[in-house]
Amino acid sequence: MGIGDFYINNLKKLQVIPIIILILSLSLLFYNYSSKGQFLEKDITLKGGSVITITTDKSAENIESLLDSRFNADFSIKRLAEFGTSAPKGIVIETNLENVADLKTTLEEFLKIKLTNENFSVEVTSSSLGEAFSSQIITAMIAAFILMAIVIFIVFRVLVPSIAVIFAAVFDILVAMAGMNILGIKLSTATAAALLLLIGYSIDTDILLTTKLLKRKMDNVSLSEKIFESIRTGSTMTFAALAAILVGYIVTSSFIMKDMFLVIIIGLIADLFSTWLVNVYVLKSYIARHEKNG
Amino acid sequence: MKKMVKILTLRVWILIFFIVISILAIKPVPFASGVEIKSVSANSLASDNGLSQGMKILKVNDMEIKTMSDYNDAISKFNKPPIELKITTDKKEIKINVTNKLKFAFDENLTVLRSETPGIAQGDRILKINNYILNNLTDYLNVSEDIIPKKKISIATNKGEVVYLTYSHPEITIGDVKKTNIVKGLDLEGGTRVLLAPKDKDISDSTINDIISVLRNRLNVYGLTDLSIKPANDLAGNSYILIEIAGVSSDEVEGLISAQGKFEAKIENETVFVGSKKDIPFVCRGDGSCSGIRSCGQVEKGYQCQFEFAIKLSQDAAKKHAMVTDKLEVVLNPEGGQRLSKNIDFYLDGQLVDSLQIGADLKGKEATDIAISGPGFGADSKSAQDNTIKNMDRLQTILITGSLPADIEIAKLDNISPTLGEDFIKNTFLVMLFAIIATTIVVYIRYRKTVIIIPIVLTMLSEILIIFGIAALIKWNIDIAAIVGIIAAVGTGVDDQIVITDEALYSKKEISLNWKQRIKRAFSIIFTAFATSFVSMLPLFWAAAGLIRGFALTTIIGISVGVFITRPAFASIIEYLLNK
């Protein structure tokens, strides 16, 4: 058990990895905040605008430059492809325009197809609603966090280990947000829901670890063995979830699902660090100090 | 035999019970095919002749209907080419094209009362249509069927055949026969979702409910019955109204929903009557003899048509009409005849819909029969007609159902095409299938024992089944976010099963604890994880006007099913299998 011994003996030094990840994530988020006034860029659902989906087998190259030249608005274009064959299946256009009548006509001329209810979908959010949603999403996240923290305190009833679990959630969410920044995923009602899910979901392994280490009287089993046992179980959990969600990310043709899956993937990967490096270290030191004291 | 008894513990029976209930709730009919009627316009020929929601359409005019496109084909065959009519008046002879109705109105003596058809003017007298010589209205009525024939439509349904004569398509919306009781969300089904916000933020709940009942009435009168309309609130205390209508495009209903619907008829800024039951007890709708397109013609940049429909004024409103018109002068019409010096103007929510001349004979008269008119435009004559009909339908609906008690605006308008939804559904099956396979592979790599893998996979599948079963039972919409919720819940479920399995396997080393204590430990982890996931989803019930409630609820249902139904059964089964 070479790696195992190295891991247990060098836990303190290994803390440098999560610390670096945390510092990089925080710097990125604060850089964004100072330069753009927000930690995460918001999408149409939170700032207002329209998302248009056109079902067509035309690849419609140059559509960006056309739209930019015709309209005084922001556009971002994504393309839908058939899973497996990569054949073009549609175009998704996001814009801050709230009235898309002119845009529709322009697109009809450019694509040379008639846009009907069969091939044209549009979702419009007014900017005032977007603002209301956006502030509520933040409230919801804070509320979820507080509720989660209360549950953790009630269950474990000890300060340091509870804080360690809550810290793991903070770490996972911050890294997930930084990851969203790097991968260009915007904050939307859907990705915010994914972040909320992470608050509860990513700490499953931390709960497992804390329960196994603190709540269990297993005199015949050493602490290291308990840790390894937890890692075996916990990593199977994380990898089973990661596998399902990664495959879902690859297979799905919905950009909403893709974004949600990606946020959860980053959060789960971050959780590997927060649980098996930080939380293990905190609990190990906590238990050592307690044993010494009494 | 003894083993069978032991594996079927109460907890396993509970699981089996829920699986059976779920299958009954979902009620799958995988081989169902065909199309059925989703809604029928109220007071339409279709409803008068007995077509109703839920009927399965088998044949239209002897063409077999298996798919939506079969129906659309059959209906398009029903479209008639415009008929060319030769009309001779006392002034001239002209040729016009009509599809279903003459676009001018005339009186008993065939003198034209109102027309914007080029070539036919008010006061002209109709002498001949095609080769029918006409002397009076009775003559016309005798031959009207020959001039513009009605067409027979026969619709065979699973509840009998309906045959009637009509000028137009049946006033129904149709959709594929449903294969299960699972209600698909709008992003999977296709349709329109509108979130309405009142302009006045301090609106009372009762006003919101009044708005909802007027809107529901409007949509029903318009012919949409397959819809959901409900109040929604958010964390900040804002009130919204959320409307979801499956299978309808937003441009059809946008004007209907967002208009407050204040209708006013004014003569020289004096209101004569308004759109309310008190002033207008009757509005003609869906009856070609008193409502329809009356004229069409080319205008600058396209085509314009004019609709006209009759309304009845109440005695009070008629008196007001007499009083106001009495003050007007009679002037000579440049085209002949006499009219009053001022027009009557129709306003809808402050915007002028139309302005009409008033015949001189109406001066000071308590007229109860009034015609309302308005235009519709289009790039070609067909779209001008369609738009005119749409405008007319909307105005009639608004007049029938009255105005909203408060002004509202559209905060969010989503219109999803059914094609896109269909693609997502197919894709979603793939996503779920691959996610299950991927999880199974990871679990297999870890345990390498079929005896452990099979219960894990079966539990996963039964969990998905029960989530869908509960959704079908409580008529909860499954949308894209809900699918992510299900996948996340199943993911947590697998996590919990791994905890239980490991506890069971590892505890063999630990003789000091018995099975019950081991499982208790596993469940203390599982319940804590459940509680944190549960509370972190709760705020989503109120945020963003409940639009992501679907995701939150599905996730919560999913993890609850896991913790309370499938997990205990799984523990039972694993206990049996590992202690064998």
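## Strands of chain B

Two strands pair if DSSP finds at least two bridges between them. Strands are DSSP runs of E with at least two residues, numbered from the N terminus. In this predicted model, local features need pLDDT of at least 70, side-chain atom pairs count only at pLDDT 80 or more, and totals for chains, interfaces and linings use all residues. Residues are numbered from 1 along each chain as its sequence is written, while chains are lettered from A and ligands numbered from 1 in the order in which they are written.

Strand β24 of chain B covers residues 344-348. Over five bridges, β24(B) pairs in the antiparallel sense with strand β17 (residues 263-267) of chain B; here Phe346(B) is the bridge partner of Ala265(B). β24(B) also pairs, antiparallel and over five bridges, with strand β25 (residues 351-356) of chain B, where Ser355(B) stands opposite Asp345(B). Two residues lie between β24(B) and β25(B) in a hairpin, and Asp349(B) in the turn has a positive phi of about 50 degrees.

## Two faces of β24(B)

In a regular strand the side chains alternate between the two faces of the sheet. In β24(B), Ile344(B), Phe346(B) and Leu348(B) point to one face and are buried (20 or more other C-beta atoms, placed from the backbone, within 10 Å of the residue's own).

## Domains of chain A

Chain A is divided into domain 1 (2-42 + 128-293) and domain 2 (49-125), with bounds from an automatic or database domain assignment. Their centres, taken over C-alpha atoms, are 37 Å apart.

Five residues of domain 1 of chain A are in contact with five of domain 2 of chain A, contact meaning C-beta atoms, placed from the backbone, within 7 Å.

Methods
A residue is buried if 20 or more other C-beta atoms lie within 10 Å of its own, exposed if 12 or fewer, and partly exposed in between; C-beta atoms are placed from the backbone. Helices (H or I, at least four residues) and strands (E, at least two) are DSSP runs, numbered from the N terminus. Two residues are in contact if their C-beta atoms, placed from the backbone, lie within 7 Å.
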